[in-house]
Amino acid sequence: MSQIKPDVTTIPDADQSRIEEEHAHLEQFVKDLVNTCTEFESMKGCEQCGREQCASCQGRLASFQFDFLDLVAEHLDNEENIMRKYLVSPEDSRYFKSHQAEHVRLLDEIRNNLLRESTRLNRQGRTAEAIRMLHGKLAEIFEDHCKDYDGMLLKRRP
Ligand SMILES: [Fe+2]
Ligand SMILES: [Fe+2]
């Protein structure tokens with residue numbers, strides 16, 4: 001967890017809004033995946049659904065896996081470019097380095113743990129389980145990242 005706080009007064013509202021919009025877009029992307037699973041809330045498995053529905057969910061998850069990492073990487077790049085542009089003090093640079101290192105860790109976690117595990121489950125026909133796992137873990141890691149890093153960047157001072 002970072003104890004270093006950036007000087008957010010230097011980041012224009014429009015750029016802060018852009019970061020927030022990208023966060024909302026990523027969240028919606030996961031929500032759309034969740035909405036393809038009709039048994040998401042029931043906690044039941046894919047045996048509840050017909051073969052066609054299962055095939056459609058498997059395809060939907062595969063396409064999510066294909067696009068999601070690029071989408072996250074693009075957002076992290078944009079966020080870092082905004083920080084590079086406006087944060088100037090030594091404290092800001094300590095914050096930036098620590099934030100950037102956390103982005104590297106986050107991408108690695110998504111690529112090598114979450115997406116890999118969801119592919120394994122999907123191949124076993126456990127698509128509902130894969131979607132629940134992704135939803136839960138992604139919410140957790142993005143929430144933690146926001147609390148420890150992005151939140152400080154977005155806090156607008158009166
Ligand atoms: Fe972010
Ligand atoms: Fe971030």
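**Contacts within the model**

Modeller: Setting aside neighbours within four places in sequence, I131 is in contact with L33, V34, C37, F40 and L61. Two residues are in contact if their C-beta atoms, placed from the backbone, lie within 7 Å.

Colleague: Where does this model come from, and how is it numbered?

Modeller: This is a predicted model: local features need pLDDT of at least 70, side-chain atom pairs count only at pLDDT 80 or more, and totals for chains, interfaces and linings use all residues. Residues are numbered from 1 along each chain as its sequence is written, and chains are lettered from A and ligands numbered from 1 in the order in which they are written.

Colleague: How many helices and strands does the chain have?

Modeller: The chain has four helices and zero strands, in the pattern α-α-α-α along the sequence. Helices (H or I, at least four residues) and strands (E, at least two) are DSSP runs, numbered from the N terminus. The C-alpha trace spans about 60 × 25 × 20 Å along its principal axes.

Colleague: Which residues have the most contacts inside the largest nonpolar core?

Modeller: They are L61, I131 and L134, in a core of 15 residues. The elements giving two or more residues to this core are α2 (51-86), α3 and α4. A nonpolar core is a set of buried Ala, Val, Leu, Ile, Met, Phe, Trp, Tyr and Cys residues joined through C-beta atoms within 7 Å. A residue is buried if 20 or more other C-beta atoms lie within 10 Å of its own, exposed if 12 or fewer, and partly exposed in between, with C-beta atoms placed from the backbone. In the chain, buried residues make up 16% of the 158 residues.

Colleague: Is A128 buried or exposed?

Modeller: A128 is buried, because 25 other C-beta atoms lie within 10 Å. This residue lies in helix α4. Apart from neighbours within four places in sequence, A128 is in contact with C37, E39, F40, G45 and C46. A128 and Q58 are 70 residues apart in sequence, and 9.1 Å apart in space from C-alpha to C-alpha.

Colleague: Now the packing, please. At what angle do helices α3 and α4 cross?

Modeller: The axes of α3 (residues 90-123) and α4 (residues 127-154) cross at roughly 170° and come within 9 Å. That makes α3 roughly antiparallel to α4, a label for angles over 145 degrees, whereas those under 35 count as roughly parallel, 65 to 115 as roughly perpendicular and the rest as oblique. Axes are lines fitted to C-alpha atoms, for helices over the stretch in contact, and angles run from 0 to 180 degrees between N-to-C directions.

Colleague: And how do α1 and α4 pack?

Modeller: α1 and α4 pack at an angle of about 170°, with their axes 11 Å apart. They are therefore roughly antiparallel to each other. Residues making the contact include V30, L33 and V34 of α1 and I131, H135 and L138 of α4.

Colleague: One last topic: what is the phi of M43?

Modeller: M43 has a positive phi of about 65° although it is not a glycine. Most residues other than glycine have a negative phi. M43 lies in the loop between α1 (13-36) and α2, and counts as exposed because 9 other C-beta atoms lie within 10 Å.
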